[in-house]
There are 2 protein chains.
Amino acid sequence: MYQRNTIQRTIILQAVKRLQNHPTADEVYAEVVKEHPSISRTTVYRNLQQLDEAGFISIRKIPGCADRYDHICANHYHVRCINCGRVADVDMEYIPDMQSRIKDGHGFVFIKHDLIFQGICLECQKQGSKEGKEESK
Amino acid sequence: MYQRNTIQRTIILQAVKRLQNHPTADEVYAEVVKEHPSISRTTVYRNLQQLDEAGFISIRKIPGCADRYDHICANHYHVRCINCGRVADVDMEYIPDMQSRIKDGHGFVFIKHDLIFQGICLECQKQGSKEGKEESK
DNA sequence: TTTCTATTGATATTATATTGCAATAAGAAT
DNA sequence: ATTCTTATTGCAATATAATATCAATAGAAA
């Protein structure tokens, strides 16, 4: 756990709270470097992880793309656009006891679960999926 | 789609079918290089992707670790050990209409979903989680 | 046998993330 | 206010996973 609230940590947290669209570490870096041009990418990566550990933000590991950082920490589900990579929340009831549906878990102790939808976002539908900024990996 | 069934493609497919534990591309490489010492890692990556596209195996993108290759193509759910990285199937009914539970999908067209559990496998429980071969990222 | 081209394998590159370490800066102690 | 202490930063290097480029090769077809 970290000890001090530095300028860097403060503006990184503010950036995640301002950018509400599940930014990647690099997108957070691009945002904070405007305000604090000397900040290092390493510091952004490091502080995002520390802010996650401290419970102020939540890291979201989405299959097939860079980690996203979420200003909302409560458990919820996400959808990823397979054309442009955009990640959004879905409004769906969280199922805390999902693991109770498992008949055979091969001796695993279950801790949590992630449910990630894949689809095409509204913008990419409009553009006929022609010029997405990212291909699905 | 590929045109020819090369030696390399054949032994890569056999390796995935033999290694039933959701191997990574590197683990498949380690297996096939025993039989075919001159094979290139690139060829393994490339063929695994082509075999996935051709429907003979299935790529599984698990958050926070390297892609796994599955000899079973039918939709099902997985659990990952956060200590050693092992990926296993869970025996649980597949829910094809999961997206029907979404109240607001923000205009996304939904295509598929992935449900991934995280937990501790039997082996890591026995070892008291002391010497896992991989830390959770 | 010769031609044609899919495929391979070596190398380089990209993307994402982490580690090591010297320099810095922010509190605490004096 | 000055010094001390150490958490933190930022640079550079490294790690890992995956992909791109391209000349050489192999194998089917003519």
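1. Helices (H or I, at least four residues) and strands (E, at least two) are DSSP runs, numbered from the N terminus. On that basis, chain A runs α-α-α-β-β-β-β-β-α from its N terminus. That comes to four helices and five strands in chain A. The C-alpha trace of chain A spans about 50 × 45 × 25 Å along its principal axes.

2. A note on the basis. This is a predicted model, in which local features need pLDDT of at least 70, side-chain atom pairs count only at pLDDT 80 or more, and totals for chains, interfaces and linings use all residues. Residues are numbered from 1 along each chain as its sequence is written, chains are lettered from A and ligands numbered from 1 in the order in which they are written, and side-chain values use heavy atoms, with hydrogens and water left out.

3. Next, the chain B interface with chain A. Contact (heavy atoms within 4.5 Å) joins 41 residues of chain B to 41 residues of chain A. About 3,500 Å² is buried between the two chains, and carbon and sulfur atoms give 65% of that. Buried area is the accessible area (1.4 Å probe) that two parts lose on being put together, summed over both. B:Asp91, B:Phe108 and B:Gln118 supply 18% of the area that chain B buries against chain A, more than any other three residues.

4. The rule finds zero salt bridges between chain B and chain A. A salt bridge here is a side-chain nitrogen of Lys or Arg within 4 Å of a carboxyl oxygen of Asp or Glu. On the side of chain B that touches chain A, β3 (78-81), β4 (87-89), β5 (109-120) and α4 (122-126) each give two or more residues. β5(B) gives the largest share, 12 residues.

5. Salt bridges elsewhere. Over all chains the count is 16. One of them joins the side chains of A:Glu31 and A:Lys34 (3.2 Å, N to O). Both residues lie in helix α2 (residues 25-35) of chain A, three residues apart, about one turn of the helix.

6. Helix packing in chain B. The axes of α1 (residues 7-18) and α3 (residues 41-53) of chain B come within 10 Å and cross at roughly 75°. Axes are lines fitted to C-alpha atoms, for helices over the stretch in contact, and angles run from 0 to 180 degrees between N-to-C directions. So α1(B) is roughly perpendicular to α3(B) (65 to 115 degrees). Among the residues making the contact are B:Ile12 and B:Leu13 of α1(B) and B:Leu48 and B:Leu51 of α3(B).

Terms used: Parallel < 35°, antiparallel > 145°, perpendicular 65-115°, else oblique.
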